[in-house]
Amino acid sequence: MAVLLEPATSSLLDRVREAAPAQVGAHAAAVDREARFPAEALAWLRSERLLGANVPAELGGLALSVHEIVELVQVLAAQCSTTAMVLAMHCIQVAAIAEHTTGGYLVDYLREVARDQLLIASVTSEVGVGGDLRRSKAPVETRGDRLFVSKQASTISYGRFADSYLLTARRAPDAEEPDQVLVLLRGDEVRLERTGEWDSLGMRGTCSEAFRIEATFASTAIVEEPFALIAERTMVPISHILWAGCWLGIAFEAFRRARQYCREQTTRGGGAPDSSLARLSDMSAKLEAASALLSQAVDSYESGRYGQPTIADGVRVNSLKLIVSETAQQVVLDALAITGMAGYSERSPFSVARLLRDVLSSSLMIGNDRIKRSTGVSLLTVRNLF
Amino acid sequence: MTSVIRDLLAGPGKLGSRAQELDTDTDLYQEGLTSYGSVGVLLGLEDAFDIEFPDAVVTRRLFSSIDNLKAAVETALAAH
């Protein structure tokens, strides 16, 4: 089976690699400058059926492996970080549903996602929980034979442009904050009231605005397994893996620009300074190490290792996030040091300005300080990590 | 042993006095136990019984009930 699929997916990735500069990269500067949703790039992703990237084949999706999706996200990130992050976040939502649902309404919905190329947004953030994914304030309430939720989300990335929303909430009004469920809300069930703007340093096209979101829905929209399990087994590891793909894609592009700059210095001027060549070497080594760590995490994920993860597994996933986010930032800064004013300019072919602004989001998407604290606590209980 | 577990759930586990009344098969996470809280309980148990839980048993399932915690302590004591 894998042998049969391989030529098809590699030709898809080749096609994406070839078309991405025109279909995605060409609009990236405008998306960034105007802080607008990357509509052209999303239309193209839809035409390539890529919103079904990780929808199972029997539901009409492309059923790409996690390795392939990481590669896809990296290729896109080199052109437009926003587009890559939108696709990554959508695939995370699909994975959370697909891995924790056995049938019925939600499986039918995944079929619709693939058929109609629907985009799913994440509504895990909430005002008042301090960025903690594993706590919710808003409860699911019963209203007659329907259910109701009203949540003040601190950010919903591409909230105005999504077809549906995957939302965390307390299981019931009398449930504790960590007793959460995951609910799929269709656009036509939802009332969105924008309560905050998004005019950010980077990742500007994700339009991650604040909203009050309210919806009335049927109980079939609740993913069967408790969110605690979904988070631990799927959402946290796949998020860190696909975000890492996005940030590394940005860093790879910064490396390419710095390398090209050094080549031009060598062929046209008096040669690249030794300090730049040494930096290139450093950048390459750092990227190699971070890529290897990412690849290892994907192997762990695909082997089902996170099905019953230990605290040590959680520590490793957190380490991936920390290493990749810090490495990607360092590499883009190294590229800036090599390219100098050309890199600092938004206009030059060697510009790393947008890459730098975008990559800085990597230490904030689940704050690194929070992750370090929780990893530190976990390490108190892990004996044989090494 | 169960009373030690309940005291740790109440204190480091931050469940408060409710911990004394929970059924022994109740899911502790659904009762509000956080990951920080669970680490506190774990370290407290290791200290109280002078045991070490092997990394492989330290999963979510360990904290899914007082019964599971008790069984894990008993296994660790037997291996002692």
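A salt bridge here is a side-chain nitrogen of Lys or Arg within 4 Å of a carboxyl oxygen of Asp or Glu. The model is predicted, and a search of the whole structure finds 33 such bridges over all chains.

Select A:Arg204 and A:Asp199 to begin. Their closest N and O atoms are 2.8 Å apart, which makes the pair a salt bridge. Colour by accessibility: A:Arg204 counts as buried at 14%, whereas A:Asp199 counts as exposed at 64%.

Next, go to helix α5 of chain A (residues 105-116), which holds both A:Arg111 and A:Asp108, three residues apart, or about one turn. A salt bridge links the two, with 2.8 Å between the closest N and O atoms. A:Arg111 is partly exposed at 39% relative accessibility, and A:Asp108 is partly exposed at 39%.

Move on to helix α6 of chain A (residues 227-268) and select A:Glu264 and A:Arg268, four residues apart and separated by about one helical turn. Their side chains form a salt bridge at 3.2 Å, N to O. A:Glu264 is partly exposed at 25%; A:Arg268 is exposed at 69%.

Then select A:Asp132, A:Arg135, A:Lys137 and A:Glu177 together: salt bridges with shared partners join these residues into one network.

Finish with the cysteines. How many disulfides does the structure hold over all chains? The count is zero. A:Cys207 is buried, at 3% relative accessible area, and A:Cys262 is buried, at 3%.

Terms used. Residues are numbered from 1 along each chain as its sequence is written. Chains are lettered from A and ligands numbered from 1 in the order in which they are written. This is a predicted model: local features need pLDDT of at least 70, side-chain atom pairs count only at pLDDT 80 or more; totals for chains, interfaces and linings use all residues. Side-chain values use heavy atoms; hydrogens and water are left out. A disulfide is a pair of cysteine sulfur atoms within 2.5 Å. Buried means under 20% relative accessible area, exposed over 50%, partly exposed in between (1.4 Å probe, protein chains only). Helices (H or I, at least four residues) and strands (E, at least two) are DSSP runs, numbered from the N terminus.
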